Amino acid sequence: MKGKGEMVLKSRMKWVGLLGIVLSTFSLFTHFFLAGFTQDAISEYQSSAAAVTIFSWRPVFERPDFSPASPLFRRLWGPVRRLETLHPYANPRQHYPDPSSQSNGFIFVRIQGGFHEIRNSICDVVVIARLLNATLVIPEIQSTTSSKGISSQFKSFAYLYNEDQFIAALTRDVKIVKTLPRNLKGARRKKEIPHFKPSYLASPYFYRHHVLPVLKKHSVVELAISDGGCLQAILPPDLEEYQRLRCRVAFHALQFRVEVQDLATKILRRLRAPGRPFVAYYPGMTREALAYYGCAELFQDVHNELIQHKRVWMRRRGIVKGKLSMNSEGQRLNGSCPLMPEEVGILLRAHGYSWDTIIYVSGGEVFGGQRTLIPLHAIFENVVDRTSLSTPWELSRLYGREIKVGGNYPRSPPSVLKESKPDTWKSDGPRPRPLPPPPARLKYPHNIEGWWGWVAESDIEPESTVMELRTNAHKLLWEAIDYFISVEADVFIPGFDRDGKGHPNFASLVMGHRLYQSASLKTYRPDRREVATLLSETREQLYHANYTWLRSIRQHLRKSLLDGLIEASTVVKSISFLSHPVPECSCSRQDSEEHASSSRLTRSQAQAGGVGVVHRCPDWMRSESGLRSKDKQTEEDGDEDEPTSESFFGYRSGNRVEGNGEMMSKEAILLNDQEELDGGER
């Protein structure tokens, strides 16, 4: 009986053990099944609480009752009323036939440069293909080829843009194919294809009289573009439809690939999750731009040397014609240097943006690193960028599967070997003898390699490593995300609008896209020379400025909303059409009943805004304009400055420095000055 009980007990233990194994196996399979969805679930979680938990940004706000109906909100974030009737309209307005079935040949394009240069060049080559009645091969972006260490799952153009969308959107404009025919591929490998390197802003005459005959003869030509534009910005009047083709390419056909678009949309939702508008700020502080304009002395230590080395390199290649050493302070006062982040922060605070305003820093890396942005972080609490609004895993998904590249730096310094003295030194000659010269200082690879170590060792900048080339390709994706967010931002302000060749840069393209897509959104275009003068006037008491200075800053920023458009229409547009695509790609939308009585006013407002005489929108676009006319008039009657109870740099939170009490009394009331409303937005 006892043995039988033991057998029953053992059998029960076996069943329990078997059940435990089955449950463990089931749990393991369940874990593996759910693990595939965990990361996607995290990235899709869009609540503000999740943003605080997952991402490094923890928003801090002073006023929970940020009412969009308040006069202060309308003054800082409301639309520019003189541009509210301006709407995008890039459809053909004249006779515009479909591309001919008989093509003159293929145009193969290789593009070098950064994000803004690539975007400009693609728009130009599409227009050239239409002009020459040629079939365009999807352009090859040199910085995104597989030789630069990026993932092999992306082709060159597809690394940044959506190929299928690009081809489909331009079906009625240009014939586009993904690759050359097989016989022409072989000719290209043998370098038998005619090659052209058009100059910056080449004329249509060059393509019609030099490129077209060769294209007809050989059925294919290759264009190498490196300066960010291969066709003149202002085309003759008979080619006005080609300007609208540029707009269709830039603002409709060039869509980022799905992964980039999705992440940019997620970051934008996370920015808007707190329910507040935000300012997008582009510093424009690149090493090339600083070297081109001679702004090295704005920095210290190794950054100054790096800028000077780049300027030496530019002078050797004829990019820079001026002297090597420039007076950076004189360049800054002349408006030739970027506005520093601290100066932009001061402008925004003086204009009325509170310390808890959300500032999104766009445009890739800032030269000088995060320490350059420290003053901006001190002025505004909520300064963010793409890294603080996304996870490393989300960013790594954009890059695809990349080959692991070994580091260039040893993990630990090599051991110092004692110098072995020659045998002759030990035995020959009488003693005492003069000592030999001391050995040279040991140089480890980790001391002289890297992004700056070569400065002290050589006048020639070393060749880029595979990791640096890969990072350059990654920067295109970073700037694509920042471009998308900057275009959608409630307010945009650039620190600089020129690149390292003196051409319009990333900020210029953003401002042109905003002018086309949503012209009434606030886009400040500050005059750097006037800003430098205003800041110099009160440099000693910058953080305790008086009312007159604050009013000057406010008036300047208000006027820059429209005066900047006038300057862009005369200066920037002549070298970059996409930076000011009006009036060719826009129309004025007004109700038919209002048009007769207000056409003269609309024409004068358009000319005052630097957009010229704008084409009248078709009837199907004017259906909603009349519904808001009375509401708009009501808003205009009540749009005046809200009295402020805090100083220029005053804070009311417990962990911030309090403002000046004198400013909080007398001058704070004076800031409610309605005269400012007469010159800025009306």
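Author: Start with C247 and C585, which are joined by a disulfide with an S to S distance of 1.9 Å. Keep in mind that this is a predicted model. The torsion about that S-S bond is 90°, making the C247 and C585 link right-handed. C247 sits in helix α8 (residues 240-253), while C585 is in the loop between α21 (547-572) and β13 (586-588), so the bond ties together parts 338 residues apart in sequence. Both of these cysteines are buried.

That bond is one of three disulfides in the structure. Another is formed by C295 and C337, with sulfur atoms 2.0 Å apart. Here the S-S torsion is -100°, and the link is left-handed. Both ends are in loops: C295 between α10 (287-292) and α11 (301-316), C337 between α12 (328-333) and α13 (341-351), so this pair ties together parts 42 residues apart in sequence. C295 is buried at 0% relative accessible area, and C337 is buried too, at 2%.

Then there's C587 with C617, sulfurs 1.8 Å apart. Its torsion is about 90°, so this disulfide is right-handed. C587 belongs to strand β13 and C617 to the loop between β14 (615-616) and α23 (629-638), 30 residues apart. Again, both C587 and C617 are buried.

Number the bonded cysteines in sequence order and the pairing reads 1-4, 2-3, 5-6.

What about C123? C123 is buried, at 1% relative accessible area. C230 is buried as well, with 0% relative accessibility.

Terms used:
Residues are numbered from 1 along each chain as its sequence is written. This is a predicted model: local features need pLDDT of at least 70, side-chain atom pairs count only at pLDDT 80 or more; totals for chains, interfaces and linings use all residues. Side-chain values use heavy atoms; hydrogens and water are left out. A disulfide is a pair of cysteine sulfur atoms within 2.5 Å. Helices (H or I, at least four residues) and strands (E, at least two) are DSSP runs, numbered from the N terminus. Buried means under 20% relative accessible area, exposed over 50%, partly exposed in between (1.4 Å probe, protein chains only).
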